[in-house]
Amino acid sequence: MSDAPILITGGAGFIGSHLVDALLAQGHAVRVLDNLSTGKRSNLPLDNPRLTLLEGDVADAALVARAMQGCRAVAHLAAVASVQASVDDPVATHQSNFVGTLNVCEAMRTQGVKRVLFASSAAVYGNNGEGAAIDEDTAKAPLTPYAVDKLASEQYLDFYRRQHGLEPAVFRFFNIFGPRQDPSSPYSGVISIFTERAQAGLPITVFGDGEQTRDFVYVGDLVHVLLQALELPTLAVGPVNVGLSRATSLNQLLALIRQVTGSLPEVSYGAARAGDIKHSRANNLRLLERFAFAEPTPMAEGLARLLGR
Ligand code: NAD
Ligand code: UD1
């Protein structure tokens, strides 16, 4: 095994820290670049000598170049993950969500690093799914600055592939959930917010009628795919949806949380969020073709793990 580290931008965050754990468990050296805006030191096993944390911003090109030195591959996960945050402050989120990607591409080009995993999003499809399973060729309709930046990042990665021989593995994550997804902000992922509030007995607000659907994936199932993408000798070109092709409405999610916790606090329904997608469900045939994907973790089991039951 090469001793050259794998760089994980956003490695102190929810998904990133699970990838860090899995890579360290396999004996790899890992370098994390994170500005700790939503990520936390406590998500990382900092006493592991094979792990280094560089605290800083992916919008800082010189720092990204320094972080890239001597690495053998990159997982570029750093971004403001909240769609709503991008609607509220497009200029600030663009620095992280787009300029950061460009800086990663440039640092890879100048330092001859080839393999990069990229955390794109189902948000690039906007409402084009209309409830049907969305495949990767579905027309793109980015409805928010977040989605525009993810789509533009994908296109830049493809430019660097064609022009400079980068090997991007672009994944369009659907809705990932599990332990360490930070529930503390209203911008956080819905499952982390609902489960935390359910445990604390605090009221829950649903934006809209609760009939919007998402394709929820347990974080451990995603990490299995990311590990393979780092090691495969060759990667087929083109983005890959990471979803289970299963739609769960927020109302169904609340019923599941009630089932796992035994009770539910007061639930109220407010206005839908601007730019919110109604239905999002993956066609995941490409994922199943290209990667080994074992039976996914059932939602109730993922929720139970998240709730520590
Ligand atoms: P997260 O907020 O827990 O992780 C993002 C990490 O990036 C955090 O540690 C944060 O501190 C760091 N970060 C943010 N801006 C940065 C910057 N400018 N410089 C350096 N570090 C920065 O969120 P997550 O859910 O783990 O998301 C990881 C990636 O996956 C993101 O790119 C997100 O857009 C993408 N994604 C997530 C989901 C999901 O359902 N969670 C779905 C689709 C795509
Ligand atoms: C999520 C991810 C985004 C990713 C996308 C891919 C987060 C924070 N967002 O966006 O990074 O690209 O999936 O599909 O991880 N809601 C409520 N009440 C709440 C919070 C949310 O009703 O308190 C609703 C929202 O309006 C939305 C649904 O729950 O309809 C899901 O919201 P959220 O978890 O923020 O995810 P997405 O917007 O789908």
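In which helix do Arg 109 and Glu 106 both lie, and how many residues apart are they? Both belong to helix H4 (residues 90–111), where they stand three residues apart, about one turn of the helix. Helices here are DSSP runs of H or I with at least four residues, and strands are runs of E with at least two, numbered from the N terminus.

This is a predicted model, in which local features need pLDDT of at least 70 and side-chain atom pairs count only at pLDDT 80 or more, while totals for chains, interfaces and linings use all residues. Residues are numbered from 1 along each chain as its sequence is written, chains are lettered from A and ligands numbered from 1 in the order in which they are written, and side-chain values use heavy atoms, leaving out hydrogens and water.

**Salt bridges**

Side chains of opposite charge can pair when their charged atoms come close. The whole structure holds 13 salt bridges, each defined as a side-chain nitrogen of Lys or Arg within 4 Å of a carboxyl oxygen of Asp or Glu. Three of these pairs are set out below.

| Pair | Closest N and O atoms |
|---|---|
| Arg 41 and Glu 55 | 2.8 Å |
| Arg 109 and Glu 106 | 2.9 Å |
| Arg 161 and Asp 158 | 2.7 Å |

Arg 161 and Asp 158 share helix H5 (residues 145–164), three residues apart. Asp 158, Arg 161 and Arg 162 are linked in a network of salt bridges.

Arg 109 is partly exposed at 37% relative accessibility, and Glu 106 is also partly exposed, at 29%. Buried means under 20% relative accessible area, exposed over 50%, and partly exposed in between, with a 1.4 Å probe and protein chains only.

**The site of ligand 2**

Around ligand 2 there are 23 residues, counted when one of their heavy atoms lies within 4 Å of the molecule. Among those that come nearest are Ser 121, Tyr 146 and Asp 276. An oxygen atom of ligand 2 is 2.5 Å from an N or O atom in the side chain of Asp 276, and for the side chain of Gln 212 the corresponding distance is 2.9 Å.

The shell draws at least three residues from each of domain 1 (6–176 + 216–242) and domain 2 (180–214 + 246–281 + 295–306), with bounds from an automatic or database domain assignment.

Conventions. A polar contact is a pair of N or O atoms within 3.5 Å; within protein, one must be able to donate a hydrogen and the other to accept it, and residues adjacent in sequence count only if both atoms are side-chain atoms.
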